[in-house]
Amino acid sequence: LTVNRPITMLTADMRAALHNYSYCGSDSSLVLKHIYTPLLNGMIKFIPRTMAPNLITFLDFICILSAAYLTFWASPDFNQPLPGWVAVTNGLLLFSYNWLDNLDGKQARRTRTSSAFGELFDHGVDSMAITCIVILWMGLACLGGGLMVLVVFVFYIPFYFAVWECYWVGGLHLPKVNGPIEGNLVLVLGHFAYAAFGDKIFTNDVTVLNHSITIGQLLTALTAVAAIPTAFMNWKNINTHFSNNTTDGAVQMEEGISLKDAPAADQQQEPTSLPQPTPQPPTAPPKSRVFAILVPFIIYTFCVLTFVYLSRSRFPPGSLYISSQHSGKESFLTSVGLGWFVLHPHVLLLIALLFSFANLATKVNLAHVCHRVPVQSTTLTLIPWAAVAVDTLLGTLVGRVSLLGVSLATHGFFVCVWCGLVHCVFLYNLVMDVTTELKINVLTLTPQQINNMDQEGIQ
């Protein structure tokens with residue numbers, strides 16, 4: 001896909017930074033080093049050299065999206081056991097997502113087609129895939145609706161803090177045991193174990209501090225506890241970066257495996273006439289500026305949690321179905337053929353969370369790729385969550401579940417459509433602007449890139 005159009009989103013500084021971007025990061029994962037990498041090195045030989053790395057990234061998104069859809073189909077309320085074949089299929093799709101997510105970087109280095117767009121595309125997919133992974137876990141552990149938002153933010157917080165670290169230190173360095181590799185692999189094995197032994201491995205009760213909870217709830221709580229030190233580690237890495245006085249926008253490579261775009265960005269593109277930024281030694285910014293990037297996410301989290309907490313009466317215990325006495329006005333959704341969402345409003349909420357979180361994370365990543373330019377406004381994706389939170393809060397004050405008297409499904413539909421449109425328009429403009437500036441395609445290699453590979457004898 002190539003579209004000739006004027007660039008509308010990128011400033012001159014951002015355009016210059018795109019041409020000078022090179023990926024800097026490492027993954028010291030033991031599984032990646034000793035298992036995945038040898039297998040990936042063998043598999044990459046069978047991938048056509050003309051296959052664009054971004055196409056591989058797109059395929060891994062299709063895999064994780066298909067798994068999320070299959071989970072909704074089999075257990076729309078996350079309180080029904082999954083059929084064994086669904087668990088196996090989801091495990092294979094999740095493994096394929098994780099596998100392809102590492103393969104695209106190897107293909108980019110092999111074909112020397114690494115670029116800032118590849119980084120944005122890959123992390124943009126990951127920022128949406130994280131919600132799909134939450135859906136898989138909720139369906140597998142039969143968590144129901146009571147823990148829905150808690151589980152979402154258990155996964156969102158470490159992801160966003162990692163993006164925050166990337167913005168300030170110029171790259172992300174993953175430890176020997178980490179979520180993207182070992183965490184996903186454990187979830188894959190969990191799906192296979194579920195298929196072999198049944199749902200009881202996650203739904204059996206255990207007693208913790210005199211409270212009876214399921215094994216799935218316990219594992220979710222342990223994951224939440226593990227996310228706390230991870231956030232502190234991100235802050236420590238930012239402090240260490242400025243203390244060590246490393247080069248701006250680049251972090252010294254720790255022992256590990258660089259995943260993506262180690263070569264200079266897009267060696268095939270024509271030289272740009274735009275002014276090139278001169279790297280300067282980093283100076284530690286004020287802490288207020290460092291934490292400013294977290295403010296939109298904090299507001300976002302507060303609005304979502306406030307809305308869902310005040311709407312808890314519309315989630316009967318143990319079920320996500322709306323009780324008749326709290327359903328509110330539902331004529332709108334049923335009149336347009338969306339009555340199914342009245343019974344399953346959490347689907348709309350999860351889709352809205354997917355779009356809104358991806359918008360927040362992608363804008364920070366864009367600022368990181370463009371050498372720490374200011375993060376673009378995130379107000380548009382915060383507005384609908386703030387609106388439904390205020391409507392629910394005012395309704396609670398006057399003894400109603402909603403001041404406007406609308407159902408949870410209508411709230412979810414409003415937020416879903418708003419955030420979906422905002423993020424899709426943002427993605428379209430971003431993709432078109434960046435590919436136009438770098439003179440590359442979205443999912444295919446350009447003739448110039450293929451000719452360069454021929455001249456260099458790349459097989």
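Me: Let's start with helix α1, residues 12–20: which residues there are buried?

Reply: Keeping in mind that this is a predicted model, the buried residues of helix α1 are M14, A16, A17, L18 and H19.

Me: And what do the buried residues of α1 pack against?

Reply: They pack against three other helices, namely α5 (116–141), α14 (345–369) and α16 (408–438).

Me: How many helices and strands are there in the chain?

Reply: The chain has 17 helices and four strands, and of its 459 residues 54% count as buried.

Me: What share of the contacts comes from residues 24 or more positions apart?

Reply: Among contacts with a separation of 6 or more, residues 24 or more positions apart account for 83%.

Me: Switching to salt bridges, how many does a search of the whole structure find?

Reply: That search finds three, and one of them is formed by the side chains of R15 and E437, with a distance of 2.8 Å from N to O. Because R15 lies in helix α1 and E437 in helix α16, this pair ties together parts of the chain that are 422 residues apart in sequence.

Me: Is E437 buried or exposed?

Reply: E437 is buried, since its relative accessible area is 6% and the cut-off for buried is under 20%.

Me: OK, what about R49, which residue does its side chain meet in a salt bridge?

Reply: The side chain of R49 meets that of D454, at 2.4 Å from N to O. This pair also links distant parts of the chain, as R49 sits in the loop between α2 (30–43) and α3 (53–74) while D454 belongs to helix α17 (residues 447–456), 405 residues apart. R49 is partly exposed at a relative accessible area of 22%, and D454 is partly exposed as well, with a value of 43%.

Me: Then which residue does R112 form a salt bridge with?

Reply: R112 forms one with E456, where the closest N and O atoms are 3.4 Å apart. Here the link runs from the loop between α4 (84–111) and α5, which holds R112, to helix α17, which holds E456, and the two residues are 344 residues apart. R112 counts as partly exposed because its relative accessibility is 34%, and E456 is partly exposed too, with a relative accessible area of 45%.

Me: What does the lining look like by class?

Reply: The lining of the largest cavity has ten polar residues, six nonpolar ones and five charged ones.

Key. Residues are numbered from 1 along each chain as its sequence is written. This is a predicted model: local features need pLDDT of at least 70, side-chain atom pairs count only at pLDDT 80 or more; totals for chains, interfaces and linings use all residues. Side-chain values use heavy atoms; hydrogens and water are left out. Buried means under 20% relative accessible area, exposed over 50%, partly exposed in between (1.4 Å probe, protein chains only). Contact means heavy atoms within 4.5 Å. A salt bridge is a side-chain nitrogen of Lys or Arg within 4 Å of a carboxyl oxygen of Asp or Glu. Ala, Val, Leu, Ile, Met, Phe, Trp, Tyr, Cys and Pro count as nonpolar, Asp, Glu, Lys and Arg as charged, and the others, Gly among them, as polar.
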